[in-house]
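Thank you all for making the time this morning.

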Amino acid sequence: MKKSIIGLVCALVTPLAFAQTSTTTTEETTTSKPATTSETTTTTTYTAGTVSTYEPGRTVVVRGEQGPVSFALGTAARVVDAAGKVVTAPLRAGQKVRVYYTGPEEKRVAERVIVED
């Protein structure tokens with residue numbers, strides 16, 4: 001009987017002897033996805049001069065300080081007067097204009113043409 005009581009006490013004390021305290025650590029992490037969009041910056045510049053040639057809806061060539069410069073006329077290009085009113089008459093050679101455009105030298109696209117006279 002002594003052996004069974006000693007065995008029972010040992011069985012009850014053994015888990016307490018090997019017991020360890022446990023620590024739970026919660027770590028919060030934030031991950032960010034790399035940006036998949038690219039940012040493009042376009043600048044609008046202008047050239048002033050006189051009209052050399054004009055093809056409605058296609059191109060306009062302006063002779064300015066840098067010599068003749070050709071511009072493609074996109075569908076969104078507007079021809080307006082100094083007050084901002086749309087000009088419906090075709091441009092004539094010799095008219096003073098200011099062409100606002102975007103794009104590199106070889107692919108200039110006129111966005112707005114202001115007739116100055």
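F71 counts as buried because its relative accessibility is 1%, where buried means under 20% relative accessible area, exposed means over 50%, and partly exposed lies in between, with a 1.4 Å probe and protein chains only. Before I go on, please bear in mind that this is a predicted model, in which local features need pLDDT of at least 70 and side-chain atom pairs count only at pLDDT 80 or more, while totals for chains, interfaces and linings use all residues. Residues are numbered from 1 along each chain as its sequence is written, and side-chain values use heavy atoms, with hydrogens and water left out.

Which residues does F71 touch, once its neighbours within four places in sequence are set aside? With contact taken as heavy atoms within 4.5 Å, they are T47, R58, T59, V60, V62, V99, Y101, R108 and A110.

One of these, T47, belongs to strand 1, and T47 is itself buried, because its relative accessible area is 10%. Leaving out residues up to four places away in sequence, T47 is in contact with F71, V97, R98, V99 and Y101.

Let me step back to the overall layout. The chain has one helix and five strands, where helices (H or I, at least four residues) and strands (E, at least two) are DSSP runs numbered from the N terminus. Read from that terminus, the order of elements is α-β-β-β-β-β. Of the 117 residues in the chain, 21% are buried, and the chain exposes about 9700 Å², of which carbon and sulfur atoms supply 54%; these areas come from the Shrake-Rupley method with a 1.4 Å probe, and for residues only the protein chains shown count as cover. Among contacts between residues at least 6 apart in sequence, 49% join residues at least 24 apart.

Now to the core. By a nonpolar core I mean a set of buried Ala, Val, Leu, Ile, Met, Phe, Trp, Tyr and Cys residues joined through side-chain atoms within 4.5 Å. The largest such core has 14 residues, and those with the most contacts inside it are V60, F71, L91, V97, V99 and V113. Two or more residues each are given to this core by strand 2 (59–64), strand 3 (67–81), strand 4 (96–102) and strand 5 (109–115), and the largest share, four residues, comes from strand 3.

How do these strands sit beside one another? I will say that two strands pair if DSSP finds at least two bridges between them. Strand 2 and strand 3 pair in the antiparallel sense over six bridges, a hairpin joins them through two residues, and G64 has G67 in strand 3 as its bridge partner. Strand 3 also pairs with strand 5, here in the parallel sense and over six bridges; L73 has A110 as its bridge partner in strand 5, and R78 stands opposite R112. Strand 4 and strand 5 pair in the antiparallel sense over six bridges, with V99 opposite V113. In the hairpin of strand 4 and strand 5, which has six residues between the strands, G103 takes a positive phi near 105 degrees.

My last topic is the aromatic rings. Rings of Phe, Tyr and Trp (its six-membered ring) pair if their centres lie within 6.5 Å, and planes under 30 degrees apart count as stacked, over 60 as edge-to-face and the rest as tilted. By this rule there are two aromatic pairs. In one of them, Y46 and Y100 are tilted, 5.3 Å centre to centre and with 45 degrees between the planes, and this pair links Y46 in strand 1 (residues 45–55) to Y100 in strand 4, 54 residues apart. Y46 counts as partly exposed because its relative accessibility is 45%, whereas Y100, at 17%, counts as buried.

The other pair, F71 and Y101, is also tilted, at 5.1 Å centre to centre and 50 degrees between the planes. F71 lies in strand 3 and Y101 in strand 4, so this pair ties together parts that are 30 residues apart in sequence. Y101 is buried too, with a relative accessible area of 12%.

Finally, the charged end of R112 sits over the ring of Y100, 4.4 Å from its centre, where the rule asks that NZ of Lys or CZ of Arg be within 6 Å of the ring centre and within 35 degrees of the ring normal.
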